[in-house]
Amino acid sequence: MPMVLLKCDKDIPEREKHIYLKAPDEDTREYLPIANAATIPGTLSERGCAFCGAKLVIGGVLKDTIQMIHGPIGCAYDTWHTKRYPTDNGHFNMKYVWSTDMKESHIVFGGEKRLEQSMNEAFDEMPEVKRMIVYTTCPTALIGDDIKAVAKKVMKDRPDVDVFTVECPGFSGVSQSKGHHVLNIGWVNEKVGTLEPEITSEYTMNFIGDFNIQGDTQLLQTYWDRLGIQVIGHFTGNANYDDLRKMHRAKLNVVNCARSSGYIANELKKQYGIPRLDIDSWGFSYMAEGVRKICAFFGIEERGEQLIAEEEAKWKPKLDWYKERLKGKKMAIWTGGPRLWHWTKSVEDDLGIKVVAMSSKFGHEEDFEKVIARGQEGTYYIDDGNELEFFEIIDLVKPDVIFTGPRVGELVKKLHIPYVNGHGYHNGPYMGFEGFVNLARDTYNAVYNPLAGLAGVDIRVPEQVAPILLREAA
Amino acid sequence: MSDCETLVNPSPEVKVSAKARGGVINPMYDCQPAGAQYAGIGVTDCIPLVHGGQGCSMFVRLLFAQHFKENFDIASTSLHEESAVFGGVRRVEEGVMVLAKRYPELRVIPIITTCSTEVIGDDIEGTIRSCQKALKAEFPERELYLAPVHTPSFKGSQVTGYSECVLSMFKTIAKEKTQPNGKLNIFPGWVNPGDVILLKRYMKEMGVDAKIFMDTENFDSPMMPDKAVEVQGQTTVEDIMDSANALATFALARYEGGTTGAWLEKTFEVPNHLMSTPYGIANTDALLRKISEVTGKPIPESLVRERGIALDALADLAHMFFANKKVAIYGHPDLVIGLAEFCLEVELEPVLLLIGDDQGSKYKKDPRIKALQDKVHFDMEVVHNADLWELESRITKGELKVDLIMGHSKGRYIAIYNNIPMVRVGFPTFDRAGLYRKPTMGYQGAMELAENIANTLFAHMEYTKDKEWILNTW
């Protein structure tokens, strides 16, 4: 019973193993959904590919680095203008993408010369840029182009440039998750330890698994500045390529997104003995807990308490105002993976919201262990949910708001359900104390949205009127 | 001032050449499978099945959602590593059966290949035969059309991919000529719902029975009281079958669907009229006159008046605000050429045209590009296989000064960071609201486009305090 076979899945019964309905008094360890498994073809899964996990999610965030995508044009086109990660240098990372624009002759005769030419052209056209990541894609992996050898040659010819290579074609793994892994491991093995940082504080850390979505990294950086902690490497929000070569000198690795970036933290621990500390950066209670843990590590508890007190004094009244108006509301979260467990309890504790259904695109079983432990009973936990399942689940749980991507947001709009962008945010940042007030505000504005009520009115039926929404000035 | 120089240019020249670089910085087009997916979603009860990595469909769905603010159903065979090694035809078979079972209304599945599955060499035609056997066994009463669409990403672009998929669906569905139906087949190319609605209105006003392929009117779809989700093309299987019986075909876009018009002529003797894409007044005149000639229906007073209203509006703008303004245009080839012709009608000077794929040998032979030579009184450069860096670098290096950029949203940063007014037109235009609803074709489209250009220039005059007082008395 706790594993659920939805009606729309009667012809793909294996989906039962991926959908769990948490019931009281159950040993949840017995009912972990299968995750990170092969996708069923034709299901209209939400998953992306391993290449995008490396380029779009992690590498493409870097603010000073040419992203050279060795493949046909689509892989570059498609992983450009689809993310909201600004930088403090004018968003170089969002403005440009590079492709070797592979053609048939390169497929037949090999594409290494084309890659070398494209790399040199890119450096020639933007002479101030000296760093590059080269990614392989499905066809260049299949024909066996040696991108590492090409990168070596270009670095030899141009002594002032540094190039990192990521060999992770779209077909590897089952989702974007594989790409996170490949990039993490490649970076720590090939690039970390190749530059030395200037140490300016006795408290140093790497902040791992935060991609500066709508300024998350920059907001949290104000906390680290106030605490006197030097962040050696942000992996990879608003980061420079070279900063991430110095990660081996930090005293602590603080991990936010464990799914995309836990691997590098583990390797830094194994190779350099740097301890790993996992925190949640979304949510008041979680952020305070995170700050306390970090400060405890460095023995600067007082500074931490002062920061928390200042932030709470400033933001808690606003948060509580929203909590008063959001409590009891039902939320669904359909995002990548970790945000399920980052958010379910924080929206419950801080905003009184009940998360009634959650679907993960690329989470692993350990993500489901976390989210099921933190999440509520009567809630659906779905691995790799597909479109028909979403319709059925919406009918079952009737959410007031859905945190998901803009495309699915357009779909649920037709069902008169407002969405909040759970990937790129509506109006973030969402991390930290201030950020969670932003999340609360966007949720309020979505839930208390007059249009959804108006949409339900059939004007041919005289007695139908839109429900009156008591919107108040926040 | 450039006006005088323009007047004395003794031998204005149209220079046509390919981009000199091999690699691409900021692509103008997506790859072939993306275009094929766009053609597929234009058909009712059709879900394209993309045979490749998951990113090949996931990001294209996102792209369509960005442009139309709608969700479209597109499936993937979710090619994983073992298929890349041992072949992926089983994934196609499974995907087709899963779609057929879970979507009982489904009637068409274009099976769209990608770079990876073309490199692997999966036999799509053979797989379709085995799928049809399996479908007959499972659903003896049901006809499901499976169209093989070969769109390796390392050839052509989204433009050729669109054309390829349209042709394949017609070849798969339009099998025989029966009774003449007196209708016109109209292939407008890759246009917005606004253009489809305009063409339908024109045909209605002329009393001409016509089918638009693809009929994408519902890509602008409503929120309805009954929560219906209507986001799909309105071209039916019957419409495609019946295309063989048409009076004539009008192919309005040489590179987008034009090949299908030629195929219908060759196979079913439906006369094909390849027209200049009806952007601007003269191109629209030519189209309506030809339709009138072919159908015997007179051009109605209403369209004569609409033409007059458009001219009346254009006359207010052309020689006062547009004359001698230099314009760069990029986007789909039929659009770029048509817009250049439109610009000349309203005294704008399109000095740089960028067309973005490897089909240069076709563009060089395009009679419309050749004809531009006789029309321009200034030097014009046409760059094919172009990327957006061709535009940006000319501007930042000071080689080109333009007063206006016309193109899609992927080039937005060129305008923003170089302080050049930009009018969004083409696909995608995700950074402006509602453009998919507006026509660009026909008299109304020419008028609305010109007014958009004027208002963009006016806003720029105001923001930059550049003779904004002229508008006091306009």
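Student: Where is the place of Asp25(A) in chain A?

Tutor: This is a predicted model, so keep that in mind throughout. Asp25(A) sits in the loop between strand E1 (19–21) and helix H1 (50–55) of chain A.

Student: What is the phi of Asp25(A)?

Tutor: Near 55°. That is a positive value in a residue other than glycine.

Student: Is Asp25(A) buried or exposed?

Tutor: Exposed, because its relative accessibility is 81% and the cut-off for exposed is over 50%.

Student: Which way does Asn238(A) go, buried or exposed?

Tutor: Asn238(A) counts as buried, at 11% relative accessibility. Its phi is also positive, about 50°, although it is not a glycine. Look for Asn238(A) in the loop between strand E7 (230–236) and strand E8 (252–255) of chain A.

Student: Where does Gly424(A) lie?

Tutor: In the loop between strand E14 (419–421) and helix H17 (432–447) of chain A. Gly424(A) is buried, with a relative accessible area of 9%.

Student: What is Gly424(A) in contact with, leaving aside its neighbours within four places in sequence?

Tutor: Arg84(A), Ile213(A) and Gln214(A). Now take Asn212(A). It is 212 residues from Gly424(A) along the chain, yet their C-alpha atoms are separated by 9.8 Å.

Student: On to helices. How do I describe two packed helices?

Tutor: Use the angle between their axes and the distance between the axes.

Student: Which residues make the contact of H12(B) with H19(B)?

Tutor: H12(B) brings Ile281(B), Thr284(B), Asp285(B) and Leu288(B). H19(B) brings Gly442(B), Tyr443(B) and Ala446(B). By class, that is four nonpolar, two polar and one charged.

Student: At what angle do helix H9 of chain B and H19(B) cross?

Tutor: Roughly 140°. H9 covers residues 193–206 of chain B, and the two axes come within 9 Å. H9(B) is therefore oblique to H19(B). Here Leu198(B), Arg201(B) and Tyr202(B) of H9(B) meet Gly442(B), Tyr443(B), Gln444(B) and Gly445(B) of H19(B). The classes are three nonpolar, three polar and one charged.

Student: Next, salt bridges. What can side chains of opposite charge do?

Tutor: They can pair when their charged atoms come close. The count over all chains comes to 63 salt bridges. Begin inside one helix. Asp320(A) and Lys316(A) both lie in helix H12 (residues 301–326) of chain A. They are four residues apart, about one turn of the helix. Their closest N and O atoms are 3.2 Å apart. Asp320(A) is partly exposed, at 32% relative accessibility. Lys316(A) is also partly exposed, with a relative accessible area of 32%.

Student: How many residues apart in sequence are the parts that Asp242(B) and Lys183(B) tie together?

Tutor: The parts are 59 residues apart in sequence. Asp242(B) lies in helix H10 (residues 237–242) of chain B, while Lys183(B) lies in the loop between helix H8 (158–173) and strand E7 (184–187). The N to O distance is 3.6 Å.

Student: Which residues are linked in a network of salt bridges?

Tutor: Lys15(B), Arg21(B), Glu381(B), Asp387(B), Glu390(B) and Arg394(B).

Student: How many salt bridges cross the interface of chain A and chain B?

Tutor: Six. Take Lys103(A) and Asp358(B), whose closest N and O atoms are 3.2 Å apart. Lys103(A) is buried, with a relative accessible area of 13%. Asp358(B) is partly exposed, at 29%.

Student: Last topic: peptide bonds. Which residues does a cis bond join, with omega about 5°?

Tutor: Phe213(B) and Met214(B). Met214(B) lies in the loop between strand E8 (210–212) and H10 of chain B. The bond from Phe427(B) to Pro428(B) is cis too, with omega near -5°. Find Pro428(B) in the loop between strand E15 (422–424) and H19 of chain B.

Key:
Residues numbered from 1 in each chain as written. Chains lettered and ligands numbered in written order. Predicted model: local features only at pLDDT ≥ 70, side-chain atom pairs only at ≥ 80, totals over all residues. Heavy atoms only, no water. Contact = heavy atoms within 4.5 Å. Helix = DSSP H or I, 4+ residues; strand = E, 2+ residues; numbered from the N terminus. Nonpolar A, V, L, I, M, F, W, Y, C, P; charged D, E, K, R; others polar. Buried < 20%, exposed > 50% of the residue type's maximum accessible area, 1.4 Å probe, protein only. Salt bridge = Lys/Arg side-chain N within 4 Å of Asp/Glu carboxyl O. Axes fitted to C-alpha atoms, helices over the stretch in contact; angles between N-to-C directions. Parallel < 35°, antiparallel > 145°, perpendicular 65-115°, else oblique.
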